[in-house]
Amino acid sequence: MNFTYPIQNKKKIKELMEVYPLESKNRLLLEFGLRTGLRISDILNFKVEDVHKKESVWVQEKKTKKKKMISLHPKLRQSIRLYVKTEKLKPDDYMFYSAKNPTQPIQRMQAHRIISHAGDMIGIVPLSAHSLRKTFGYWSYKQGVDISLLQTIFQHSSQAVTLRYIGITQENINRVYETVDMGF
């Protein structure tokens, strides 16, 4: 099993978001993962009525069974409106509906293919839904979000787990190796 890392370069995130057309389901899937930090199993369950024209949404996490409210970033809300309008979706449609069976969401494996393909296109291998979740955490932390708040968002048992999860621990360790001055 491959270990996934957050995308630590904003230019690469921008490139990632340009792989798919602005109003496409695939691009929205990437943006949803990056802007919410949700697990893919939770993202795929959203119906239009759950998120369209909403500022925040309730999510019952599939893995933990815990319920939490998340605010939707204004740019994500804008992308949702554009996508719903372009696709002419109805309130009871799945946001990420399957082309084979529009009454069902795409499967996790299909979501993985979409995300992985985007990573391949910009040279990030492997890229997974979990990479998007970790990227949300990494950039939140880098922009000043307290680690205890991220611990709560990700429902981790400790701050150390959260730091390791978003790649900060290794980054800090590397900085020690690169900067320690021995006087010679």
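**Close-up views of the predicted chain**

**View 1. Lys-65, in the loop between β1 and β2 (67-71).** At 56% relative accessibility, Lys-65 counts as exposed; exposed means over 50% relative accessible area, buried under 20% and partly exposed in between, with a 1.4 Å probe and protein chains only. Its phi is near 70 degrees, a positive value in a residue other than glycine. The model is predicted: local features need pLDDT of at least 70, side-chain atom pairs count only at pLDDT 80 or more, and totals for chains, interfaces and linings use all residues. Residues are numbered from 1 along each chain as its sequence is written, and side-chain values use heavy atoms, with hydrogens and water left out.

**View 2. Lys-53, in the loop between α4 (48-51) and β1 (56-60).** Helices (H or I, at least four residues) and strands (E, at least two) are DSSP runs, numbered from the N terminus. Phi of Lys-53 is positive, near 60 degrees, and the residue is not glycine. With 69% relative accessibility, Lys-53 counts as exposed.

**View 3. Helix α2, residues 25-36.** The 12 residues of α2 reach 16 Å from the first C-alpha to the last, close to the 16 Å expected at 1.5 Å a residue; the expected span is 1.5 Å times one less than the number of residues. The helix is mostly covered, with 10 of its 12 residues buried. Among the buried residues are Leu-28, Leu-29, Leu-30, Phe-32 and Leu-34, and also the charged-type residues Lys-25, Arg-27 and Glu-31.

**View 4. The peptide bond between Val-125 and Pro-126.** This bond is cis, with omega about -5 degrees. Pro-126 is found in the loop between α6 (108-122) and α7 (129-142).

**View 5. The chain as the setting for the close-ups.** The chain has 10 helices and 2 strands, in the order α-α-α-α-β-β-α-α-α-α-α-α along the sequence. Its radius of gyration is 18 Å, close to the 16 Å that the globule rule gives for 184 residues, so the chain is as compact as a globular protein of that length. The radius is taken over C-alpha atoms, and the rule is 2.2 Å times the number of residues to the power 0.38. The C-alpha trace spans about 65 × 35 × 30 Å along its principal axes. Of the 184 residues, 45% count as buried.
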